[in-house]
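I opened a new notebook page for this protein. My plan is to go from single contacts to the whole chain.

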Amino acid sequence: MTDERVRDWVAATPPGRLRWVLVAAWVAAFATSVLGDTEPCTTADLTVCGPDLTFSVSIVACFASVVLLWWRPFVAVACAVVFAVADLLWDSVWQANVAWSVVAVLFAAYAVHLRARLSRQRAIARSASVSLPPWPSAPRRPLHLDGPHRLMAAGAVGLVLVAGGAFYAYERAVALDDVHASRAQVVEATVLSEEDEDGNQRVRIDGRPEGFPAEADVLFIEVPDVGDTVALRIDPRDSSWTHPVAEPPDRTWWVTVSLGALLVAGLLAERLTAVRVRRRLLEESHHTTGVPVRVFTDGLDFLGLLATDSTRGLAEFPVDEVLRTDTPQARRVAAPTEGFLVGDVRDGGWAALVGPGGMRLPLGPLAALPADAEVDMDTFERDPEDPRDWSEPVPMGTIPVPLPVVVEAPPWLRAAGLGATLAAICFGTWLLWDDEVGLSGAGIVFAAGSALHWGLDQAVHRVRVTASEFTMTSVFRATQSPMSAVREVRVDDDTAMVIFDDESVLEVSPPGGDGRGLAAAIERAVESMPRPLEGSGTQDRLSWSAFVFAVGAVTLVATWLTHWLA
């Protein structure tokens, strides 16, 4: 598969921007439905402002259509169509009928476009396939579910329990409403106030039963004016069960929660089942052709795939273990190996890797890498811990910059750092000066301590390079190293890399961006320095900002513990 074919294959991946268009259409339809529903509450039809089981069931499909677009697009399309049909059948608001019908058409068009894109990827993969060599059969690797899949299983079980609990809560609430309704009576009341912060209005109940409060707080869907007379339904034995006659209590939202939890649990269970089913189908199928690829790991949690005739990233291949290549030896062992990709070679398709060691089965579908993803094959021969492997010597003829050079934050950022330091101590202490702070004080101490460290880092972090020494200041340490302690000077883009005799590395990026010139100046200074005297090496001590940090941290912790324990 050449660079051109890889570009075509990746370009055929469904664009994400279309999903945002569908989300915008969904939001517009939802707003249209709400604004178009102007039917007043009435006792002739209690579903207008009261419980409507049909709506509570179908709204699950409505929200699933937009939530599942990224995860299960075809399920999302099915939900959008189902909800549009349901809306046409039970919703009397014509604006909503039109809006959700348009949304369903857009979702269906997206499904057609998605199918065409995926078919295009399959066709490109078929055209790049070659015959598989006659490798001997090898034993298959057993399935070991990783942490995310075990979490899926636990989540599915938990959601089933949530669904059962929510449905039980619905039946319990309806049964209690029936008990209240069996002894309820209708009374008139006068509205005394506007809505409070909870949306309730105070009413005076006229002709109240004996022992019933004279006034009550009632939540209205259609908000009446102060002084209006309204009809209320009350339970003489329980003043908390009071509502407008045309607005009975709605408990059907429990059904929405229950069905939503069941839907997500079902999708999680389907994914877990699909892992086993798809792996078995890939194992039992007789593959004669495959797409030649190179496989790399480079510190990833998946196998990266490249086409054999290209350096462009093709796709991620999910595997059942964490692949870490932290050591040079591990990186060299994990250097790209060749194999063949068989199965449904498309974004979201299930495919297997075939090589001399047998078949490697996936733990999930393929995921196309970004269009601009390229892999530097030379990185597999480099040691990430050795700067000599990923930097270069100072180029010959580089003009050195004049010394000294000081690298520190600009004045405004240093001033901001000092302000943040003072604010972290003062504001944090003020928040902790509360006897009821409790365990939440730990979070305040952590946040204030982090802000204190950041402020000091901006204020004091400094590197000064002279012709004779380096002076490095951080929040906790102040270090002086003579030029004679430098073993080697290298460059990495616009950064000077200074390697000392103790193998420590100092990276210096000068303000003007001339890292090569600074590296040349340091190299010249090192060459002109005499051999160091005994005991004249690097000197390391605590910086003054370390004491400031310690005082601030102790103040915060002491304030918290004093008020908490008191």
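**Entry 1: salt bridges.** I started with the charged side chains. I counted 14 salt bridges. The model is a predicted one, and I keep that in mind for every entry. Side chains of opposite charge can pair when their charged atoms come close.

I looked up Glu270 next. Glu270 forms a salt bridge with Arg72, with 2.8 Å between the closest N and O atoms. This pair links distant parts of the chain. Glu270 sits in helix α7 (residues 253-284), and Arg72 in the loop between α3 (53-67) and α4 (73-90).

I then checked Arg204. Its salt bridge is with Asp206, and the closest N and O atoms are 3.7 Å apart. The cut-off is 4 Å, so the pair counts. Arg204 is partly exposed at 36% relative accessible area. Asp206 is partly exposed as well, at 31%.

Arg414 meets Glu408 in a salt bridge, 3.4 Å from N to O. I read 23% relative accessibility for Arg414, which makes Arg414 partly exposed. Glu408 has a relative accessible area of 33% and is partly exposed too.

I also found a network. Salt bridges link Arg122, Asp344 and Arg346.

**Entry 2: aromatic rings.** I turned to ring pairs and counted 13. Why is the pair of Phe470 and Phe500 edge-to-face? Their planes are at 80° and their ring centres 5.6 Å apart, so the pair gets that label; the class needs over 60 degrees. The pair links distant parts of the chain. Phe470 belongs to strand β17 (residues 469-473) and Phe500 to strand β20 (residues 495-500), 30 residues apart. Both Phe470 and Phe500 are buried.

I listed one ring cluster. Ring pairs join Trp26, Phe30, Phe63, Phe83 and Trp100 in it.

Arg115 has its charged end over the ring of Phe74, 4.6 Å from the ring centre.

**Entry 3: Ala99.** I looked up Ala99 in helix α5 (residues 94-127). Ala99 has a relative accessible area of 13%, so I logged Ala99 as buried. What does Ala99 touch, leaving out residues up to four places away in sequence? I found Ala29 and Thr32. I also took a C-alpha distance. Ala99 and Ala84 are 8.7 Å apart in space and 15 residues apart in sequence.

**Entry 4: Leu542.** I moved to strand β22 (residues 539-542), where Leu542 lies. Leu542 is partly exposed, with 46% relative accessible area. Over 50% would have made it exposed, so the class stays in between. The C-alpha atoms of Leu542 and Phe476 are 5.8 Å apart. Along the chain, 66 residues separate them. Leaving out residues up to four places away in sequence, Leu542 touches Phe476, Arg477, Ala478 and Phe547.

**Entry 5: a cis peptide bond.** I checked omega between Leu403 and Pro404. The value is about 5°, and the peptide bond is cis. Pro404 is in the loop between β14 (392-393) and β15 (405-408).

**Entry 6: a nonpolar surface patch.** I found a nonpolar patch on the surface, formed by Leu439, Val557, Leu561, Trp564 and Leu565. Together these residues have about 480 Å² of accessible area. I followed up Leu439. Leu439 is in the loop between α10 (411-432) and α11 (440-460). Its relative accessibility is 62%, so Leu439 counts as exposed.

**Entry 7: the whole chain.** I closed with the totals. I counted 13 helices and 22 strands. The protein has 566 residues, and 41% of them count as buried. How much of the accessible surface belongs to carbon and sulfur atoms? The share is 59%, on a surface of about 30,000 Å². Residues 24 or more positions apart account for 68% of them.

Methods
Residues are numbered from 1 along each chain as its sequence is written. This is a predicted model: local features need pLDDT of at least 70, side-chain atom pairs count only at pLDDT 80 or more; totals for chains, interfaces and linings use all residues. Side-chain values use heavy atoms; hydrogens and water are left out. Helices (H or I, at least four residues) and strands (E, at least two) are DSSP runs, numbered from the N terminus. Buried means under 20% relative accessible area, exposed over 50%, partly exposed in between (1.4 Å probe, protein chains only). Contact means heavy atoms within 4.5 Å. Accessible areas come from the Shrake-Rupley method with a 1.4 Å probe; for residues, only the protein chains shown count as cover. Patches are made of residues with over 30% relative accessible area and no salt bridge: like charges are joined within 9 Å, nonpolar side chains (Val, Leu, Ile, Met, Phe, Trp, Tyr) within 5 Å. Rings of Phe, Tyr and Trp (its six-membered ring) pair if their centres lie within 6.5 Å; planes under 30 degrees apart count as stacked, over 60 as edge-to-face and the rest as tilted. A charge sits over a ring if NZ of Lys or CZ of Arg is within 6 Å of the ring centre and within 35 degrees of the ring normal.
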